[in-house]
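Thank you all for coming, and please have the sequence and the model open while I talk.

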Amino acid sequence: MTKKQYRPATLAIRSGHERSQFGEHSEAIFTTSSFVFATAEQAKARFSYEEEGNVYSRFTNPTVNVFQQRLAAMEGGDACIGTASGMSAMLAVCMSGLKAGDHLVSSRSIFGASKVLLSSLLSNFGVEVTFVELTKLDEWRDALQSNTKMVFFETPTNPLMEVGDIAAISDVAHSHNPDIKVVVDNCFCTPILQQPLSLGADVVLHSATKFIDGQGRCVGGAVVGDAEFVGEKVLGFMRTAGPSMSPFNAWVFTKGLETLALRVNQACDNARIVAEYLSEHSKVERVFYPGLESHPQYALVNSQQSRPGAVLTFEVNGGLEAAYALINQTELMSITANLGDTKTTITHPFTTTHARWSNEEKAKVGITEGLIRIAVGLEDPLDLIEDIVFQ
Ligand SMILES: Cc1ncc(COP(=O)(O)O)c(C=O)c1O
């Protein structure tokens, strides 16, 4: 795969795989914890990285490697590290790029657990964190300090589908200090819809649990970026601390990458139909979907993403009671917190994904009791619309 520059659809199916001596067509699963050396001298050379090759599956494994190379190719990165979950991908980046006394600037609108990791866990280790509004560039600029080492945001955001300007935020951070790592959670778009590295970001995070798996089977994550930070520092963290991706999960994710474009594109088509239906419904206060002209960053969505995505959020009249009533009457959609599945999922962010935030924190970003998130899957969109019956 190194001889020719293949196009994205080809990379998603062909990159990363080197056949073993058995000539298998589909990628093999190497379920082994360690690797055997021909001699003690070779073991020494492998342990010290003098010789390339696998040592121990906490930090390298051939099946995980196929996934890593394929996702790196699709995101346009030089290196990728698979992790046990999306959250451990984030932890790996923070532990590799920050130390006590450093400062991080993060968007306030992020996934619930991401905020808890930044505000509670990191502060226990002496890292200062400032939260800003994703769409206000001035806030990003004003928050940067001499000890700022990292900025973090997701776009579109979970659950309100706000969109951050990757090129502009990267520019603000790098103009302040070129060494700041701009880290983008690309979970909602995947490389099919958006490639943050090409827009100026340094590191991309994934919850592979979502669209990359695509059928709700495995939990996993990934960090993509350059050879130095990701290929050395994050790999070093994995070697020592080891929140590793299992070979079986890596295989599922690798096969998921092969159909990612098909699934994401179809889910985008379906989401648009559901979003348009909801936006015209009298019992809906507001729909948050990047594909609607009413979206506050509609122009940016069209320049930064190739499509608006498959997740939408809407606010029903009547608060928590009305939201629960609507969720409870669904027969087709799954009431669950996952997203990016072929099966459409329906979630109440206020009491699930963002339950650990205080009411004040939720109010600041607009997570209300009447808010419902739908991650649209691959069922017939007309069946999905019929499943949404307002009480
Ligand atoms: C935007 C986003 N980032 C990260 C995560 C965490 O991923 P995981 O559940 O794989 O740890 C999630 C999970 O819902 C998410 O929605």
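Predicted model: local features only at pLDDT ≥ 70, side-chain atom pairs only at ≥ 80, totals over all residues.

**One residue, then the whole chain**

Let me begin with Gln 266, which counts as partly exposed because it has 16 C-beta neighbours inside 10 Å. On the scale used here, a residue is buried if 20 or more other C-beta atoms lie within 10 Å of its own, exposed if 12 or fewer, and partly exposed in between, with the C-beta atoms placed from the backbone. Gln 266 is found in helix H10, which covers residues 247-279, and the C-alpha atom of Gln 266 is separated by 19 Å from that of Gln 304, 38 residues apart along the chain.

Residues are numbered from 1 along each chain as its sequence is written. The helix and strand names are DSSP runs numbered from the N terminus, with helices being H or I of at least four residues and strands being E of at least two.

**Two domains**

The chain is divided into domain 1, residues 8-256, and domain 2, residues 260-387, with bounds that come from an automatic or database domain assignment. The C-alpha centres of the two domains lie 26 Å apart, and their contact takes 32 residues from domain 1 and 35 residues from domain 2; two residues are in contact if their C-beta atoms, placed from the backbone, lie within 7 Å. On the side of domain 1 that touches domain 2, helix H1 (8-14), H5 and helix H8 (190-193) each supply at least two residues. By class, that side of domain 1 has 17 nonpolar, 11 polar and four charged residues, where Ala, Val, Leu, Ile, Met, Phe, Trp, Tyr, Cys and Pro count as nonpolar, Asp, Glu, Lys and Arg as charged, and the others, Gly among them, as polar.

**Two helix pairs**

Helix H3, residues 62-75, packs with H10 at an angle of about 35 degrees, and their axes are 8 Å apart. Axes here are lines fitted to C-alpha atoms, for helices over the stretch in contact, and angles run from 0 to 180 degrees between N-to-C directions. H3 passes H10 in a left-handed crossing, a crossing being left-handed if the near helix is turned anticlockwise from the far one by less than a right angle, and right-handed if clockwise. Among the residues that meet are Phe 67, Arg 70 and Leu 71 in H3 and Trp 251, Phe 253 and Leu 257 in H10, and the contact divides into 10 nonpolar, two polar and one charged.

The other pair is helix H4, residues 86-97, with helix H5, residues 112-124, which pack at about 35 degrees with their axes 10 Å apart. Their crossing is right-handed. Met 87, Met 90, Leu 91 and Cys 94 of H4 make the contact with Ala 113, Ser 114, Leu 117 and Leu 122 of H5, and these residues divide into seven nonpolar, one polar and no charged.

Is strand S7, residues 221-225, mostly covered or mostly open? Strand S7 is mostly covered, with five of its five residues buried. Gly 221, Val 223 and Gly 225 lie on one side, and Ala 222 and Val 224 on the other. Strand S1 (79-83) pairs with S7 in the antiparallel sense over five bridges, two strands being paired if DSSP finds at least two bridges between them. Within that pairing, Cys 80 stands opposite Val 224. Strand S6 (203-207) is also antiparallel to S7, over four bridges, and Ser 207 stands opposite Gly 221.

**The five-stranded sheet**

Finally, an open sheet of five strands has the order S8-S9-S12-S11-S10, with mixed pairing. S8 (284-288) and S10 (334-335) stand at the edges with a single partner strand each, so one side of each is left without a neighbour in the sheet. Five bridges join S9 (311-316) to S12 (371-375) in an antiparallel run, and Val 311 has Ala 375 as its bridge partner. Helix H12, residues 319-329, packs on the sheet and touches S9, S10, S11 (345-347) and S12, its direction making about 30 degrees with that of S12.

In S9, six of its six residues are buried. Glu 315 is the bridge partner of Arg 286, and Glu 315 also stands opposite Leu 371 in S12.
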